[in-house]
Amino acid sequence: MEEDDVTIREQNFHSQVREYIICFLLFAVLYIVSYCIITRYKRKSGNGLIFFLDDHEDEDAVVNRISLYLCTFTLAVSGGAVFLLPFSIISNEILLSFPKNYYIQWLNGSLIHGLWNLVSLFSNLCLFVLMPFAYFFLESEGFAGSKKGIRARILETFVMLFLLALLILGIVWVASALIDNDAASMESLYDLWEFYLPYLYSCISLMGGLLLLMCTPVGLSRMFTVMGQLLVKPTILEDLDEQIYCIHLQEEALQRRLNGSSSHAYTRGGSVHQLNKELDNVRNQRNKLERRKKASGWEKNLLYPIVMLILLTGTTISVLMVALNILYLLVDETAMPKGSTDRGIGNTSLSPFGVAQAVLEIILMFYLMVSSVVGFYSLRVFEGLTPSKDDTTMTTIIGCCVSILVLSSALPVMSRTLGITRFDLLGDFGRFNWLGNFYIVLSYNMLFAVVTTLCLVRKFTSAVREELLKALGLDKLQLSNSPTDPESGKLSANGHQKTL
């Protein structure tokens with residue numbers, strides 16, 4: 001009997017060690033990829049090696065490095081949240097297909113639940129501790145009258161974090177007291193660990209879901225424009241040689257004007273800057289035309305229509321699945337998103353069509369995530385957070401990491417709420433209070449379907465609307481409002497008209 005107990009304890013010990021190693025390896029891969037992404041966009045410092053800097057610049061370099069590591073950790077956690085639900089779905093199907101395979105015994109329910117709990121824990125840690133610390137640490141200089149240095153900046157950062165925590169806890173306390181007036185809720189107001197943090201993260205998840213609801217429909221319609229800029233469009237009744245020749249003449253004319261302006265000392269810097277900007281736009285147009293001319297026939301006439309068809313199919317399937325989920329919500333209460341505490345993975349298939357539907361669900365999840373990121377940076381409110389290669393400040397990187405963390409943490413909840421998958425939410429993701437509200441879930445589905453449909457209709461009818469405006473003579477009113485044509489990027493009549 002004692003030998004059996006020892007054997008069971010050894011098996012549990014080895015299982016725990018194996019799960020820790022797998023989690024560490026997965027996170028290490030995500031961390032390396034996240035570091036490469038951030039260093040690609042981070043502004044490069046041209047001050048040389050660190051031992052050639054003075055004390056103040058050396059201190060700033062240390063602060064920037066610490067903030068960089070924290071942002072990398074946060075972006076890695078965001079990647080883990082994105083892959084969490086797809087990994088769980090595909091693991092469930094693999095265990096159903098190969099239940100007795102020796103080489104996949106490591107893929108079990110305990111590992112899946114552990115990953116969900118770790119992602120939830122690290123998401124809270126990054127959102128409420130690491131990212132505020134990185135921002136305040138980057139902006140801190142030390143209190144007035146204190147000795148400058150790393151310690152003074154750390155002290156100021158912790159004081160700011162403490163004040164921020166008091167502010168957030170106070171807001172949550174007042175909001176919860178106003179919403180729930182019963183005796184049990186009033187008693188739970190003084191429970192920090194079991195009430196405050198889950199309630200606060202539930203509010204953040206609701207905000208993330210609303211942000212996804214705002215960004216994803218915009219991104220789904222914007223994806224057609226983005227892919228149209230990346231791919232080469234078919235050439236129909238166009239003379240590219242003539243267009244390239246006109247662009248060359250325009251570039252030469254701007255270059256002569258720029259050389260003439262730079263030779264005069266009295267020329268204002270604003271006009272030179274405007275000429276340089278126009279010259280860059282003309283060169284970009286020339287590069288695009290030359291790329292279209294050099295593209296092969298299959299790339300111009302086959303690849304572009306196929307990609308557009310794939311995007312249209314993915315968007316249509318997403319809207320249809322949401323519409324079906326609305327019907328399920330009205331007739332079947334089991335369609336409501338809910339959490340699961342069952343540690344058994346691989347017992348039943350949650351996809352009626354098996355592996356094929358599971359793969360389709362995973363593809364749609366990634367497509368919605370990419371669309372939400374594209375839509376996020378397409379909104380005017382968040383345009384300032386758009387990263388630029390080798391020219392993005394650490395403050396902007398922190399804002400981007402926080403935004404992507406909020407979007408990615410809400411992705412599993414949104415996928416389950418919209419009915420993209422039937423896989424139940426695990427860990428703390430299934431404990432959100434608003435998931436049990438039928439009216440919130442139904443309104444969320446209806447808003448997503450309606451807004452996405454309106455964005456697509458507006459996107460595909462834009463050419464018809466432009467022709468109608470031209471026929472009615474109202475296009476001049478639009479030109480008078482903006483000096484730049486949004487479709488072609490060319491300067492309009494009220495801006496700087498291109499001259500040859």
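**Helices, burial and contacts**

Me: In which helix is Leu230 found?
Reply: Helices are DSSP runs of H or I with at least four residues and strands are runs of E with at least two, numbered from the N terminus. Leu230 falls in the run of residues 192–230, which is helix α6.

Me: What kind of model is this?
Reply: Residues are numbered from 1 along each chain as its sequence is written, and side-chain values use heavy atoms, with hydrogens and water left out. Local features need pLDDT of at least 70, side-chain atom pairs count only at pLDDT 80 or more, and totals for chains, interfaces and linings use all residues: this is a predicted model.

Me: Is Leu230 buried or exposed?
Reply: Buried means under 20% relative accessible area, exposed over 50%, and partly exposed in between, with a 1.4 Å probe and protein chains only. The relative accessible area of Leu230 is 53%, so this residue is exposed.

Me: How many Å apart in space are Leu230 and Lys288, C-alpha to C-alpha?
Reply: The two residues are 58 apart in sequence. In space, the C-alpha of Leu230 and that of Lys288 are apart by 9.9 Å.

Me: How many helices does the chain have?
Reply: The chain has 500 residues, of which 39% are buried. Its secondary structure has 2 strands, and the number of helices is 14.

Me: On which residue is the kink in α3 centred?
Reply: Helix α3 covers residues 109–139 and reaches 43 Å from first C-alpha to last, close to the 45 Å expected at 1.5 Å a residue. That expected span is 1.5 Å times one less than the number of residues. A bend is the angle between axes fitted to the seven residues ending at a residue and the seven starting there. The kink in α3 is about 45° and is centred on Cys126.

Me: At what angle do α10 and α11 pack?
Reply: Helix α10 has residues 355–378 and helix α11 has residues 394–417, with axes 10 Å apart. Axes are lines fitted to C-alpha atoms, for helices over the stretch in contact, and angles run from 0 to 180 degrees between N-to-C directions. The packing angle is about 145°.

Me: What phi does Asp390 have?
Reply: Asp390 is found in the loop between α10 and α11. Asp390 is partly exposed, with a relative accessible area of 35%. Most residues other than glycine have a negative phi. Asp390 is not a glycine, yet its phi is positive, at about 60°.
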